[in-house]
Amino acid sequence: MLGKLLFYAQWFHHNLNPKYTSKKLFRRQFLVLLTICSFGQLSAQQLDTWFTADRAVNSIPAPTPPDPSELHLFTPYAPLDGTPVTTWYDFVDFTAQDAVPHPPMANYPLAPPSGFNYENDGSGSHFSPTGSIPGIPTLRRNIFNFNPALHFDADPNNDGVNNGPGQALHFRSVSRNETAIFIVFQARGQGNSAETQRLLFGGDIENHLPSLTANNLSIGVSDGDFFSIGRTRIAGGSFFQPGNVDLQARPTIGVFNREVLNAGNETLTTRVNGIDDIYWERGGITD
């Protein structure tokens with residue numbers, strides 16, 4: 001249905017310089033890890049963040065304190081169907097980056113994860129998302145062949161993140177250098193710009209980051225149900241590229257890869273359900 005974002009059991013954000021992660025489902029985790037390895041650059045890197053809807057939902061991954069060398073495959077199962085998701089814990093402890101509710105506006109100047117004061121943006125001012133404060137998603141059982149998912153219910157008239165009564169959890173990656181992101185989702189698309197696409201990953205892109213150099217990378221679903229990429233910056237405006245494969249709001253495995261070339265150049269590529277989609281080489285990127 002329009003306005004519903006349904007995130008599957010796990011995303012995998014793999015960073016070719018640590019990054020974040022993902023979700024998918026336990027019985028398919030191995031297949032997704034094989035996909036990560038297929039990039040051919042995994043040897044000196046790590047899976048930095050991993051969210052999975054069947055584990056570590058509202059429950060701290062065991063053991064406690066965590067062993068930074070382990071993937072926690074035996075943490076408590078997710079709660080019952082219909083449970084509000086207050087914290088989505090990072091399943092990997094190399095650099096723990098838990099997904100937490102959107103902070104109250106008074107906390108925006110605080111450092112993450114309590115607020116949005118990104119100390120590395122060089123601006124001297126904090127990032128202030130616009131619009132009303134979104135709520136929190138709901139865990140749903142028996143979604144996608146009886147597997148769990150996180151359900152984000154969005155306002156059909158906006159991106160569902162910081163405008164209107166949308167729902168969101170947020171977390172901060174340790175890097176936005178070379179990055180691979182794996183996400184399984186089902187969503188209706190909306191918008192034809194970086195600022196208006198329905199977000200799957202990224203922050204509030206309607207209010208650009210205050211730094212002259214920092215970029216806000218986002219992934220979403222645009223009008224026509226295309227897997228899309230956006231970048232916004234206070235200097236240089238916006239970059240937006242929709243895909244070409246009509247996803248028809250069906251369950252989708254989306255893969256995004258950012259490769260840093262030289263002198264600030266980057267290559268952005270996507271695949272959807274194993275099909276090559278976006279390929280775009282850009283210059284003048286500083287982060």
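Guide: Happy to. Helices (H or I, at least four residues) and strands (E, at least two) are DSSP runs, numbered from the N terminus. On that basis the protein chain has 1 helix and 15 strands. Please keep in mind that this is a predicted model, where local features need pLDDT of at least 70, side-chain atom pairs count only at pLDDT 80 or more, and totals for chains, interfaces and linings use all residues. Residues are numbered from 1 along each chain as its sequence is written, and side-chain values use heavy atoms, with hydrogens and water left out.

Two terms come next. Buried means under 20% relative accessible area, exposed over 50%, and partly exposed in between (1.4 Å probe, protein chains only). A nonpolar core is a set of buried Ala, Val, Leu, Ile, Met, Phe, Trp, Tyr and Cys residues joined through side-chain atoms within 4.5 Å.

Of the 287 residues of the protein chain, 51% count as buried. The largest nonpolar core holds 29 residues, and those touching the most other members are Trp88, Leu150, Phe185 and Phe227. At least two residues of this core come from each of β6 (147–153), β8 (179–187), β9 (198–201), β10 (216–222), β11 (226–233) and β14 (266–272). With 4 residues, β8 gives the largest share. There is also a second, separate core of 6 residues, with Leu47, Trp50, Tyr89 and Phe91 among them.

Now for some individual residues and strands. Leu200 sits in strand β9. Leu200 counts as buried because its relative accessible area is 6%. Between Leu200 and Gly220 there are 4.7 Å in space, C-alpha to C-alpha, although they are 20 residues apart in sequence. Strand β3 (residues 46–52) contains Phe51, and Phe51 is buried, at a relative accessible area of 0%. Its C-alpha lies 5.6 Å from that of Asp90, 39 residues apart in sequence.

As for β14, it runs antiparallel to strand β15 (residues 275–282), joined by 6 bridges; two strands pair if DSSP finds at least two bridges between them. One of the bridge pairs is Thr267 with Glu281 in β15. The two strands form a hairpin with 2 residues between them, and Asn273 in the turn has a positive phi of about 50 degrees.
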